[in-house]
Amino acid sequence: MGKRQSRDRIELVYGSLDMLILRTLRWGPTHGHGIAKSIERLSEETLKVEHGSLYPALQRLQQEGWITAQWGVSKNKQRAKYYRLTAAGRKQLVAETSRWERFVRAVTGVLRPAEE
Amino acid sequence: MSWKRQFAKLGNLFTRGRRTADLDDEIRSHLRMEEQENLESGMTPEEAHYAALRRFGNVTLAQERSREMWGWNSLEALLQDLRYGLRQLGRNPGFTAVAVLTLALGIGANTAIFSAVNGIWLEPLIYARSSRLVTADLLPIPEIQAIQKQSTAFERMAIYQKHSCLVLGGAVPVRTANSYVSDDFFPLLGVKPLLGRPILPGDTQPGNALVAVISYRLWMDEFGDDPHIVGRSVSVDHKPFTVIGVMPKGFDLGVTWGGGNSGLWMPFVYSPPDSMNLGPTSSFVARLKKGVTLSQAKAQLEAISARLAAEYPNQYPKALRGYGRIVTAGVSGRTDPGVRLALLILLGAVGFILLMACVNVASLLVARSWTRQRELAIRKALGASRLRIVRQLLSESLLLAVSGGTLGLFFSAWGIRLLQVIAPPYTPRVDHIRLDGNVLWFTMGITLLAAVLVGLAPAMHASSRRVGGTLEGGLVGAFAGAEMRQSHRFRSALVILEVALAVIVVTGGALMARSFYKLMSVNTGVRADHVLTMHVQLSDLACNGLSFPTRNPKESAVRPRSTAQANQLQKQITPAAGCALANEDILDGIRSLAGVQRAACAGMGPLQGGVVTTSVRYPGAPSGMGLYVEGQQGNQLTSGAIEGRSVTPGFFAALGIRLLKGRDFVLADLNHSDVAIVSEGFARKYIPGNPLRKRFSIAEDEKGHHRWMEIVGVVNDVRDRAVHESTPGPAYYTPFFFGDNWGEIIVRTSTNPMVIVHAIERVVRFVDADAAITHIETLDQIIADSAAEPKFQTVLLASFGALGFLLAVIGVYGVVSYSAVQRTHEIGVRIALGAKRGDILRMVLREGMLLAGIGITAGISGALALTRFLRSLLFEITPTDPPTFIGVSVILTAVVLLASYIPARRATKVDPMVALRHE
């Protein structure tokens, strides 16, 4: 990965990582590596996620009861821990997403008032 | 929701190891996957590995951050502190042992005394909702019935009347307290019988079969826990009663109010009188309705009493009103205020012991924290906050306190057994003293308190800016003047505190010991050695003249010479005359025994009090009671009380009471009740001039007539109620009426009185095989028993005093000698600069003297404030007794001086060069 490429990446806004993880898990249980990859993939490599920073977040989400974890076997026959969204997590995701959308609309409104 | 999360975090603490491994696994698996992908995109294995690591970021940081999410950081830090503290304490086993032992003594003593308070005082009675129970004594039955009808304060009420009775049919004839109870009594108290049934409404109807419920103790002692006791017949006061039930253990015990200590409960059969007739008084027990307070109930009772008095002015004299004082029977009403005060004093004394133990350990910790300067300085340099260091020190004191508390629990178990052994006889509920939940909570509480007290001083000391401020300061300037002075001041304060506490505890113990010594050497007015007393109650058979001396006491005592003769005798002999004959036979028989010097009879035994005439009217008292002296106007008894006692000739000689004037009674007096002998105090107080041949009476009837008694003799004063009675009260003696079927026999022997007991018993049984002989005691024993309570309190308070003294010696010596060792360097410098050893010794002693002086002054002010609570326990000694205070001060000053002198002397002997090199 070159230097230019990494400059194009955007640091995550504080707190938004939780939402991204929850969103990723909407399509089914995934392990930590899978979560990291799908965030990168879906943001078209724009969002920079240091893989290590996923783990404290995962622990926190577990603590809150929004996700649960279970060891399983990956496609490559490797042992991996799979995270699954709970009902509470789903609710949390809806709440966070709508809050995020309001935030984005507000910021967009400030940045481009004339375009309406 | 939030508590759930906290709970999960708490759970995390215990699964920590497993979860850490789990997280490591997960991260490893993540890295493997990333590596795999990198390999697949064509990297070399090495490149793939490092790229994966780069992508991941700081692995350790991720692990740490993740772990932080799990738990309470502060709690983890505490665990870490505790682990560290444990290592520290393990490194100083000597220090740890002394500290733990000191705290264990303090906590153990407190736990033991608290368990006594808990068992005797706090533990609820076995009665249902006992805290709502109230009781009142000495009320005329019509008034109780009026209360029952009119009062709205009570849920339920039961009447009981306490008596004493003679029970035959058990192992031996026995006298016991019994209560006549209404049918509400057992349902009200809500305790089911162990066997059989309680008294039911049918039982209290007049004319029903005679039934009785017996106590657990009577069942055990007299009926050998016979499982078929229900239905058995026993003789109560010579009437056959059927046992219908046995109450469980604890039902009869532990209360000072009416139902307590009864051996039997019988139905209270009462037919209401036609008019307001006061008759004998009774008591009631009732449960307050929900929301009704004791004072509200009291007000209601007073109103009812006032109404009755207005309605029946003649039958209901003013003096009676308000006599039946209502008290709580549940929790606090069952131990008398004296016992409660004594328990509180003990608790206070033992609290001081704990305080001293804490000061001791705290001063040891402060001394040690000085040597730990270097360690603390390093920890500070490595970034430990001051708070963290304080927490570290506090966690060490917590460890010490918890270990001390645990060991203290073992000590207290031992202490409780000791308490039960030395407790005065008949202390209620002494078997309830044990380590239960309440006591364990208490122990936990004082353990935490001790942890704070012990940790506070060192923590304050360590967190002060100077100490361990900088690494250089801690390492190089360990003996820098300012720090040294500050630490020194701290220790001085602890010494002063220690001395002050010691003064208080030791003074309390010394006062008790001195008072007890006075009590033991008091002149009771009798010669107590070689005197045997026993209570004898004759059977009806003997008093009816049907019991005759037989050659063989084992044969039936009832052996009429012939039926005709018996019938003849029966006509002639009234019960009184029969009793008189039997009594005379018994006294004659005893006098003829070898080893007996004198024998006499009395209505009441010595030191058990007599019939009391008081200046206060009480229900049932004949009207006009008081003291009237011929030739003087009106009632002379305006305050206090006088005691009357009936005695046979020889009573004074048997007890060694001196006849000061006049003569003793003679046999002929026994049939005339118009003579009396008075005590010296009586004569001095009430009879002016020569008392002989003066006449007095103790009652005046409505017409102003008296039954005058002529004074024929004067004897010395006797402490008649109990040894610790402060001054002997006025007393008079009347001739013993031989026709009574019971009395106290008093025998003076020339040998050990207990040896003759058997022979005396044989004499009594010879005359009356069914006589109840109880309370066989020597007078020495009675005196010892009457002093048992002060003795118990003295033993405890004096041993706390001794323990306090020991702690003070150890504590003061520890701190002072430690600071002397600290000053070895300084002393070396002084000597090197030419100071004389004597000068240095004087300097050290002067400092010791100053500390002792301040400590003792503070301690004496504290003791003066506190010892007044001892007043009621002290005998002929004031709580501010100067010799005690002076003695304690002198001894403690000597202790402080010695504690300063010995280490100082050792320090001056050290070679100055060695001393200078000392660190």
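Select residues 253-260 of chain B. Here pLDDT (the predictor's confidence in each residue, from 0 to 100) stays under 50. Two residues are in contact if their C-beta atoms, placed from the backbone, lie within 7 Å. Next, select residues 547-563 of chain B. The pLDDT is below 50 there too, and this stretch has 26 contacts beyond near neighbours in sequence.

This is a predicted model: local features need pLDDT of at least 70, side-chain atom pairs count only at pLDDT 80 or more, and totals for chains, interfaces and linings use all residues. Residues are numbered from 1 along each chain as its sequence is written, while chains are lettered from A and ligands numbered from 1 in the order in which they are written.

Now colour everything by confidence. Chain B has a mean pLDDT of 79, with 81% of its residues at 70 or more. For chain A the mean is 80, and 84% of its residues reach 70 or more. The model scores ipTM 0.83 and pTM 0.63.

Move to chain A. Its confidence is lowest in helix H1 (residues 3-8), at a mean of 46, and highest in strand E3 (residues 79-85), at 89. Helices (H or I, at least four residues) and strands (E, at least two) are DSSP runs, numbered from the N terminus. Select residues 1-7 of chain A: pLDDT is below 50, and the stretch has one contact beyond near neighbours in sequence.

Show the strands of chain A. Three of them form an open sheet, ordered E1-E3-E2, with antiparallel pairing. Two strands pair if DSSP finds at least two bridges between them. At the edges sit E1 (30-31) and E2 (67-73) of chain A, each pairing on one side only. E2(A) is joined to E3(A) by seven bridges. Pick A:Ile67 and you will find A:Leu85 of E3(A) opposite.

Back to chain B, for its strands. Select E2 (residues 154-168) and E3 (residues 174-181) of chain B: eight bridges join them, and they run antiparallel. B:Tyr160 stands opposite B:Val181 in E3(B). Their hairpin has five residues between the strands, and B:Gly169 takes a positive phi near 110 degrees. E8(B) pairs with E3(B) in the parallel sense, over four bridges. Look for B:Ser179 facing B:Trp265 in E8(B).

Next, the helix pair. Select H2 (residues 16-40) and H3 (residues 45-56) of chain B. They pack at an angle of about 130 degrees, with axes 8 Å apart. Axes are lines fitted to C-alpha atoms, for helices over the stretch in contact, and angles run from 0 to 180 degrees between N-to-C directions. H2(B) and H3(B) are therefore oblique to each other (under 35 degrees is roughly parallel, over 145 roughly antiparallel, 65 to 115 roughly perpendicular, the rest oblique). Residues making the contact include B:Leu31 and B:Leu39 of H2(B), and B:Ala52 and B:Phe56 of H3(B). By class, the contact has eight nonpolar, two polar and four charged residues. Ala, Val, Leu, Ile, Met, Phe, Trp, Tyr, Cys and Pro count as nonpolar, Asp, Glu, Lys and Arg as charged, and the others, Gly among them, as polar.

Last stop: the interface. Here 21 residues of chain B are in contact with 16 residues of chain A. On the chain B side, H2(B) gives the most, with eight residues. That side divides into nine nonpolar, six polar and six charged residues.
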